[in-house]
Amino acid sequence: MNLLVKNGMVHDGIRPEAFQADILVENGRIKAIIQGGVSHVQIPEDTKVVEAEGLQVYPGFVEAHGHIGLDGYGIGYEGMDYNELNDIVCPQMRGIDGVKPMDPAFRKAAAAGVTCVCVGPGSANVLGGTFTTIKTVGRRVDDMVVRDGVAMKCAFGENPKRIYRDKKDSSRMTTAALLREMLFKAREYMEKQEAAGEDTSKRPAFDMKMEALIPVLKREIPLKAHAHAAEDLFTALRIAKEFNVRITLEHVTEGHLIVEELAKENVPLAVGPSLTSASKFELRNKSWTTPGVLAAAGCQVSIITDSPVIPQEYLPLCAGLAVQAGMEPFAALQAITINPARHAGIEDRVGSLEVGKDGDLIITDGCPFEVSTQVKYVFINGKQVVDD
């Protein structure tokens with residue numbers, strides 16, 4: 001099925017100003033964006049036409065950090081699959097193996113226009129495993145994947161030392177030391193592998209944890225660092241520099257207090273969840289102003305729900321609350337579209353309305369940041385998943 005959205009006011013996520021245009025989607029990808037009402041593009045006969053005059057057209061919203069599908073909707077503790085509680089360092093875990101595609105949370109997310117999410121392990125562990133990026137519609141997770149293994153989760157601050165206080169970790173120093181130890185061991189393991197070349201007799205014994213960290217050391221994927229407090233943000237950056245690895249900072253609750261320093265670092269920032277109470281000490285400086293302050297300083301900011309901490313469908317509402325607190329509206333739109341796509345390394349597929357990208361788009365009757373706005377249509381890969 002092909003799709004033609006006609007006469008909508010297009011907010012492409014790249015240009016600040018909206019413009020009226022038609023959007024043609026063929027075989028799941030955007031084939032053409034046609035302005036001016038005159039087209040030399042041939043429209044296939046089997047094309048579904050949606051009249052969007054008077055409506056707003058946006059890219060499908062993207063979440064840079066959450067646990068939807070791993071922490072099940074309405075099934076309690078028994079259904080939680082996002083933290084391994086028997087091992088404080090488990091980089092070999094893969095978030096994709098815990099996703100439940102039938103989770104009703106996906107349907108709710110899609111209905112709100114959230115079409116792609118980056119999901120993976122939680123923050124109980126110093127190293128928790130890899131995140132995957134998936135669409136929010138499907139019955140088999142393998143068919144929902146945009147890109148698997150996009151980042152390696154690590155965690156700083158209160159969560160690891162709280163959960164492992166009586167087993168392994170009771171201080172921030174221990175958390176940092178455990179992460180360094182694993183990176184040192186993985187680097188040595190990788191160097192021995194490389195020195196052995198094709199001589200299998202000289203290779204180190206297979207170690208799944210070490211294997212999982214090689215893409216981090218080769219800078220193929222970043223560390224995805226859970227950190228709220230300023231001191232934890234700086235520790236994460238310090239370790240990344242020590243090992244020359246890429247890093248993204250997740251939550252960044254106290255980012256507005258150290259905005260000048262974060263702006264110098266030029267690393268992707270995922271801010272949130274902010275629609276919660278300050279449930280622990282490191283959240284005491286939680287503020288809706290944080291994403292706007294960081295964006296105004298030139299940082300690449302994504303707004304996150306950390307679903308299900310905040311239900312996934314409230315992602316656009318969170319952007320609206322950031323706008324209410326002073327964030328520029330276009331910056332807020334980018335914070336739930338192109339920026340999270342860049343954060344997860346999938347900006348070639350999603351996050352904006354551009355020729356060649358996936359046909360993920362939503363049509364609304366107003367600004368999606370406002371609670372009175374209705375989502376009229378949602379398309380994922382050019383297929384209609386929500387209507388009116």
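This is a predicted model: local features need pLDDT of at least 70, side-chain atom pairs count only at pLDDT 80 or more; totals for chains, interfaces and linings use all residues.
Local features were considered at pLDDT of at least 70 and side-chain atom pairs only at pLDDT 80 or more, while totals for chains, interfaces and linings use all residues. Residues are numbered from 1 along each chain as its sequence is written, and side-chain values rest on heavy atoms, with hydrogens and water left out.

A nonpolar core is here a set of buried Ala, Val, Leu, Ile, Met, Phe, Trp, Tyr and Cys residues joined through side-chain atoms within 4.5 Å; buried stands for under 20% relative accessible area, exposed for over 50%, and partly exposed for values in between, with a 1.4 Å probe and protein chains only. The largest nonpolar core has 77 residues, and Ile247, Leu249 and Leu294 touch the most other members. Its greatest contributor is helix α4 (residues 172-196), which supplies eight residues. Helices (H or I, at least four residues) and strands (E, at least two) are DSSP runs, numbered from the N terminus. Another core, of 16 residues, lies apart from this one and has Val25, Leu55, Val57 and Leu353 among its members. With contact taken as heavy atoms within 4.5 Å, and neighbours within four places in sequence set aside, isoleucine 247 meets Pro222, Leu223, Ala225, Ala236, Leu237, Ala240, Val267 and Pro268.

Three of those partners, Ala236, Leu237 and Ala240, are also on the list of buried residues in helix α6, together with Ala230, Asp232, Leu233, Thr235, Ile239 and Phe243. The cover over the buried residues of α6 includes α4, β10 (223-227), β11 (247-251) and α7 (259-265). The length of this helix agrees with expectation, because its 14 residues (230-243), at 1.5 Å a residue, should span 20 Å and its end C-alpha atoms are 21 Å apart; the expected span is 1.5 Å times one less than the number of residues. After α6 comes asparagine 244, with a positive phi near 55°.

Just after α9, the phi of glycine 326 is positive, at about 120°.

Attention now turns to open space. Rolling a probe the size of a water molecule over the atoms shows where empty space is left. On a 1 Å grid over the protein atoms alone, a pocket is an open set of points where a 1.4 Å probe fits, with protein on both sides within 12 Å along at least five of seven lines, and lining residues have an atom within 4 Å of a point. The largest pocket has a volume of about 610 Å³, a volume being the space filled by probe spheres set on grid points that are joined across faces, edges and corners. Its lining has 30 residues, and those nearest the centre are Tyr82, Asn83, Ser123, Asn159 and Val309. Helix α3 (residues 158-163) gives the most to this lining, with three residues. By type, the lining holds ten nonpolar, 13 polar and seven charged residues; Ala, Val, Leu, Ile, Met, Phe, Trp, Tyr, Cys and Pro count as nonpolar, Asp, Glu, Lys and Arg as charged, and the others, Gly among them, as polar.

Several loops carry backbone features worth a look. The peptide bond from glycine 272 to proline 273 is cis, with omega near 5°, and proline 273 sits in the loop between β12 (269-271) and α8 (290-296).

Beyond residues up to four places away in sequence, alanine 21 touches Val5, Lys6, Asn7, Gly8, Val10, Ile33, Ile34 and Gln35. Proline 16, in the loop between β1 (2-10) and β2 (19-26), is exposed at 57% relative accessibility.
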